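User: Please go through the fold of this chain with me, working from helix packing to backbone geometry to strand pairing.

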Amino acid sequence: MSHSAAKLGEQLGRLKLQFYGQDGTGCERSHYIPRHKLEEFWEARNINAILRAYSVDKPRDVILQSFMCTFSLLVYINKVDYLGWLVERNVKDATFPLETRPPFWPDTPPYVDLFNAIAKSQWIFFSVAFNKHELYNQVFGPQHIFPIYKEELIKAGDMIKVHKIETNPSCAAPGPTTYVRKSYNESGKAQYDREAKTFTSLQSRSSPHIISYHGCYQQQRREGTTYNLILGFVEGENLEEFYTNMNPPHLPSDANKIWNAFSGVLEGLHHLHSAAIDTGFQTIHQDIKPENLLVSEPASSRSYDIGLVIIDFGYSHTKALTPGQDTWGIDSHGGQVYG
């Protein structure tokens, strides 16, 4: 390896220490490098000199567009001399991470060493993206790194854990960096499946009265597989807590504000029931209760000027409608709190 490439590998090693996330092995500070930081890194450096040194006959722009993370990985593990071989076989960024050795991979010591080095360090350069439409129920292994640098437990039960999570701003596309991760264990998979189906059917038809949805995935962890929904974060308590903590309104104008908030719930339910007009799918929630309505922060300092957002579709039923079909759904019996 050239002195220049070796120096760049050391610089990448220092760069990764600036970012950490979580994986499924129990490591709470798994270091990685976001793609946009790699773009900045190589923008300021002479890639062409390295390509010439290793006889890689590909334009710089092709490397940056399709092989940037692969190239960075090879620099990091001191294997740049294999870049041309990987490029010729079209082992581009979209191919990674490599879970198993591809069929074309030679079973000789140098190439076995190459694969082992890649398998060990590839996670640094191929973290999970929290961008829109990037999470669609994929299964991620324990070594995949998620750009979550902080989490706070909101709720825990036998089947579910709900966390407020903070993602690295540099890892997300323009949009929120604070989310809610709702994680089901194996016992709650049926509820996860119902929620994922509902949110997926609504993805192209969002409503301000229904919690926003940013994707779902399965993660293999030491303690078993978890089934995860990434949802919007609402800064506020649920309606049951709101009733407990707030005094009843005394002024008619304050009471009207609460009733106006409930009109938003009705709009959200109408949105669910009429979604078939645009999407061909209809959803019935089946578990509306104060605990499943989040109270958004007041729009002003007036305590009763609130909004309500529908959450928790674990007992919902979503079905595709065809012309002439009835609109009845399967009774999931809800949470049975109110009979």
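Analyst: This is a predicted model, in which local features need pLDDT of at least 70 and side-chain atom pairs count only at pLDDT 80 or more, while totals for chains, interfaces and linings use all residues. Residues are numbered from 1 along each chain as its sequence is written, and side-chain values use heavy atoms, with hydrogens and water left out.

User: Which residues of helix H2 are buried, and within what arc do they fall?
Analyst: Helices (H or I, at least four residues) and strands (E, at least two) are DSSP runs, numbered from the N terminus. Buried means under 20% relative accessible area, exposed over 50%, and partly exposed in between (1.4 Å probe, protein chains only). In H2 (residues 35-43) the buried residues are Leu38, Phe41 and Trp42. Taking directions from the helix axis to the C-beta atoms, these residues line one face of H2 because they fall within an arc of 85°.

User: Which residues joined by a peptide bond have it in the cis form?
Analyst: Most peptide bonds are trans. The loop between helix H6 (83-88) and helix H7 (109-121) holds Pro97. With omega at about 0°, the cis bond joins Phe96 and Pro97.

User: What is the relative accessible area of Asn90, which has a positive phi?
Analyst: Most residues other than glycine have a negative phi. Asn90 has a positive phi of about 60° and lies in the loop between H6 and H7. Asn90 is partly exposed, and its relative accessible area is 44%.

User: How many bridges join strand S6 to S5, and which residue of S8 is the bridge partner of Tyr179?
Analyst: Two strands pair if DSSP finds at least two bridges between them. S5 (residues 160-167) and S6 run antiparallel and are joined by seven bridges, with Lys161 opposite Ser183 in S6. S6 also pairs with S8 (residues 224-232) in the antiparallel sense, over six bridges. The bridge partner of Tyr179 in S8 is Gly232.

User: How many of the residues of S6 are buried?
Analyst: S6 spans residues 178-184 and is mostly covered. Of its seven residues, the number buried is six.
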